[in-house]
Amino acid sequence: MRILLSGSTGFIGKALQGTLKAEGHEVVPLLRRAPEQAEGSFVLWDPAAGQLQPADLEGLDVVVHLAGENIAARRWTEAQKERIRSSRVDATRLLAETLAKLRQKPHSLLCASAVGFYGDRGDEILSEASAPGSGFLAQLCQAWETACQPAQQAGIRVVHLRFGVVLGPSGGMLAKQLPLFRWGLGGRLGTGRQWISWVSLADLTAAVRHLLINRSLSGPFNITAPAPVTNAEWTVTLSRLLRRPAIFHLPAWLLRMLLGEMAEQLLLASTRAIPYRLQDSGFTFQEGILEPALRRMLG
């Protein structure tokens with residue numbers, strides 16, 4: 001298949017691109033600027049300026065859209081929240097509207113979303129049928145998914161990839177926390193009772209591939225391991241595997257003071273999402289339990 005991939009230079013995009021190329025698919029990166037060394041064809045766009053040429057998208061089979069401003073890059077000022085929103089909602093709408101205009105449309109659009117869709121829900125077990133939550137992240141994810149509607153209305157299959165916290169040694173939360181835990185500076189955040197819906201990078205790429213090739217599947221899918229853990233369980237497991245203490249508890253009030261709204265929704269919110277639809281579709285997780293998954297990642 002000929003697959004357009006946005007976010008191809010990111011943590012998830014690089015891994016997915018490697019998987020798809022290894023299977024013989026042609027991957028066409030969707031980029032904001034031309035690379036210094038291009039190994040094949042690519043498409044340029046400027047979502048901030050609303051620029052994407054329909055002619056550049058003719059002849060595609062699938063579009064996988066992962067691009068967006070790093071949600072944890074800096075404190076959430078109003079200006080930063082607008083950059084995050086625009087990079088996801090406005091850019092996705094531009095892509096969906098352009099795909100809808102094509103003479104030869106791709107049969108599928110797989111678009112990133114997140115379990116932030118559900119908001120802070122305590123111990124509630126969340127399926128793809130659960131109602132959306134409240135707050136900036138939940139509203140962002142709802143608008144992000146809604147932005148795909150022009151493509152869906154044009155007859156393109158749309159899949160919403162509701163990613164959990166993605167774990168891999170080269171990026172994401174694990175890579176950020178490893179140095180602290182190795183120095184013995186790790187610890188639980190807040191009460192530690194908040195649920196983390198996580199997924200290994202290997203299972204994530206396998207899940208996206210599964211949804212890409214199974215054209216009968218559409219709508220939202222929780223891309224999360226079937227066994228979420230609390231922040232306290234995460235802390236104990238990682239510290240045990242690294243053979244380091246994890247005694248530096250960060251209270252919620254301090255996190256809120258340092259990071260404001262971002263701390264409340266990224267670090268202290270509780271989301272216990274289960275991948276019911278993915279499992280019902282026949283997908284099998286290879287790294288569905290945290291401790292053995294971390295053990296493999298850490299070598």
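This is a predicted model: local features need pLDDT of at least 70, side-chain atom pairs count only at pLDDT 80 or more; totals for chains, interfaces and linings use all residues.
**Sheet.** I began with the strand order. I read E3-E2-E1-E4-E5-E7-E11, an open sheet of seven strands with parallel pairing. I then looked for the edges: strand E3 (43-44) and strand E11 (219-223) each pair on one side only.

**E4 and E5.** Strand E4 covers residues 62-65 and strand E5 residues 108-114; they run parallel, and four bridges join them. Within this pair I noted His65, which stands opposite Cys111 in E5.

**Helix H2.** I turned to what packs on the sheet. Helix H2 (residues 78-100) touches strand E2 (26-31), E4 and E5. I recorded about 175 degrees between the direction of H2 and that of E4.

**Helix H3.** Helix H3 (residues 136-146) also packs on the sheet, where I found it touching E5 and strand E7 (157-163). The direction of H3 makes about 175 degrees with that of E5. I listed the buried residues of H3 as Phe136, Leu137, Ala138, Leu140, Cys141, Trp144 and Glu145. What do the buried residues of H3 pack against? I found H2, E5, helix H4 (149-153), E7 and helix H9 (261-267).

Last, I looked up the second largest pocket, which holds about 190 Å³ of space. I counted 13 lining residues, and the closest to the centre are Thr191, Arg193, Gln194, Leu268 and Ser270. By class, I have the lining of this pocket down as four nonpolar, five polar and four charged residues.

Conventions
Residues are numbered from 1 along each chain as its sequence is written. Side-chain values use heavy atoms; hydrogens and water are left out. Two strands pair if DSSP finds at least two bridges between them. Helices (H or I, at least four residues) and strands (E, at least two) are DSSP runs, numbered from the N terminus. Contact means heavy atoms within 4.5 Å. Axes are lines fitted to C-alpha atoms, for helices over the stretch in contact, and angles run from 0 to 180 degrees between N-to-C directions. On a 1 Å grid over the protein atoms alone, a cavity is a set of points where a 1.4 Å probe fits but cannot get out, and a pocket is an open set with protein on both sides within 12 Å along at least five of seven lines; lining residues have an atom within 4 Å of a point. Grid points are joined across faces, edges and corners, and a volume is the space filled by probe spheres set on the points. Ala, Val, Leu, Ile, Met, Phe, Trp, Tyr, Cys and Pro count as nonpolar, Asp, Glu, Lys and Arg as charged, and the others, Gly among them, as polar. Buried means under 20% relative accessible area, exposed over 50%, partly exposed in between (1.4 Å probe, protein chains only).
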